[in-house]
Amino acid sequence: MRRASHLVLAVLFVLPGFLGCSYTHLYGEIMQGVDLGVRHRIHVVRQPKDQRQIGSMIADRLERAGFEATAGIGTSSAPDVVDVIVSYEDHWQWDMSNYLIALRIDFRNPKTQELLASGQSYRTSLDRKPPEFMVDEIITTMFAGRDEP
Amino acid sequence: MRIDCCLPLVLALLFSTGCATIAHTPKDYELDESWPAVRMSGPVTVSSGNAAAGKFTIDLAGQKMTVDLQEYTEALVRRVRAALADQGAMVEPDAPTTIEIEVVYANILPQMQNHCVVDFTVRAGNGYVRGHQARDKSGNPQKACNAALSRAAFELLADEQLQRYLAGSS
């Protein structure tokens, strides 16, 4: 009886730990009153240390959504006229291999830096997905319920 | 050890920690840095801008935290007013110099520590508009967002173009 109770308690304490390894939080929102449909030219500001080309993945996904999207390091790499500047931050973690645990993407007005849209995906180890997938799910969630241009 | 006595307690604890929703009411948080020095040309009105903003739920690995962007805006306005008053500024309801503040978005990246990110827009009476992002981190998500709001007030007062407007030189 005593051994069994120890086993039950051990399972109860270990189980939440496993549940914690499998967790996804996905969010995307276009700010109230913002119409991204009229802002066609988007520039993704690549991070200088981004060796995995996440900036290009975001630009490619936005191209598929109908925007004219470019990607380059710094705002000086942007075409002369852009309607939206996109920035992102990626967080990586090690668990048997390196994986993208969190990605946040922000759309801003290039003149005022006002936030136009924001999205993020957070995936723990057992829910890990490739960066392309996370980029896609964030942009898809952002535009959910709205027409992409 | 009798399992039947503590099992309900353990189960209740697991469920309560997994499903709890916290409503975060912003509280004051003191930053270590000294506030940016702001020169004032006269009295200033600091007001909040997003009356229509709603509540927003942040998912934190099973736990949820509800924030009210209007409350966040009000808290940020209070911090900016207090920081200006501490520097001797006259903060009045109908001054010719005006700043309107609006928290437009807040979220948390639940990593080893909770990174609270607060996005806000400031509009000055001279037509100047600027979006800012402030962030801070803590093991406690509420504390992270309290700190991020204080940092937002700090960054707002460190905005050089806004400083020039407040000083009457733009």
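In this predicted model, Asp68(B) is buried yet takes part in no salt bridge. The nearest side chain of opposite charge belongs to Lys55(B), and that one sits 4.8 Å away.

Over all chains the structure holds just one, and it joins Cys116(B) to Cys145(B), with 2.2 Å from S to S. A disulfide, in general, is a covalent bond between the sulfur atoms of two cysteines. Here the link of Cys116(B) and Cys145(B) is right-handed, with 100 degrees about the S-S bond. The pair links distant parts of the chain, 29 residues apart: Cys116(B) comes from strand S6 (residues 114-124) of chain B, while Cys145(B) comes from helix H3 (residues 141-158) of chain B. Both Cys116(B) and Cys145(B) are buried.

Next come the rings. The count of aromatic pairs over all chains comes to three. One of them brings together Phe67(A) and Phe143(A), in a tilted arrangement with 5.8 Å centre to centre and 40 degrees between the planes. Phe67(A) lies in the loop between helix H2 (54-64) and strand S3 (68-73) of chain A, and Phe143(A) in the segment after helix H3 (131-142) of chain A, so this pair ties together parts that are 76 residues apart in sequence. Phe67(A) is buried, and Phe143(A) is buried too.

In chain B, Trp35(B) and Phe154(B) form an aromatic pair that is likewise tilted, at 6.0 Å centre to centre and with 45 degrees between the planes. Because Trp35(B) lies in the loop between strand S1 (21-23) and strand S2 (44-48) of chain B and Phe154(B) in helix H3 of chain B, the pair ties together parts 119 residues apart in sequence. Trp35(B) has 30% relative accessibility and so counts as partly exposed; Phe154(B), with 17%, counts as buried.

Two charged side chains sit over rings in chain A. Arg52(A) lies over the face of Trp92(A), 3.6 Å from the ring centre. Lys129(A) does likewise with Phe133(A), lying over the face at 5.1 Å from the ring centre.

Two helix residues round out the picture, one per chain. Ile139(A) is part of helix H3 of chain A, and at 0% relative accessibility it counts as buried. The C-alpha atoms of Ile139(A) and Leu62(A) are separated by 7.9 Å, although the two residues are 77 apart along the chain. Over in chain B, Asn146(B) has its place in helix H3. With 9% relative accessibility, Asn146(B) counts as buried. Asn146(B) is 116 residues away from Glu30(B) in sequence, and the two are 9.2 Å apart in space, C-alpha to C-alpha.

Technical notes. Residues numbered from 1 in each chain as written. Chains lettered and ligands numbered in written order. Predicted model: local features only at pLDDT ≥ 70, side-chain atom pairs only at ≥ 80, totals over all residues. Heavy atoms only, no water. Buried < 20%, exposed > 50% of the residue type's maximum accessible area, 1.4 Å probe, protein only. Lys, Arg positive; Asp, Glu negative; His and termini not counted. Salt bridge = Lys/Arg side-chain N within 4 Å of Asp/Glu carboxyl O. Disulfide = S-S within 2.5 Å. Helix = DSSP H or I, 4+ residues; strand = E, 2+ residues; numbered from the N terminus. Phe/Tyr/Trp six-rings, centres within 6.5 Å; stacked < 30°, edge-to-face > 60°. Lys NZ or Arg CZ within 6 Å of the ring centre and 35° of its normal.
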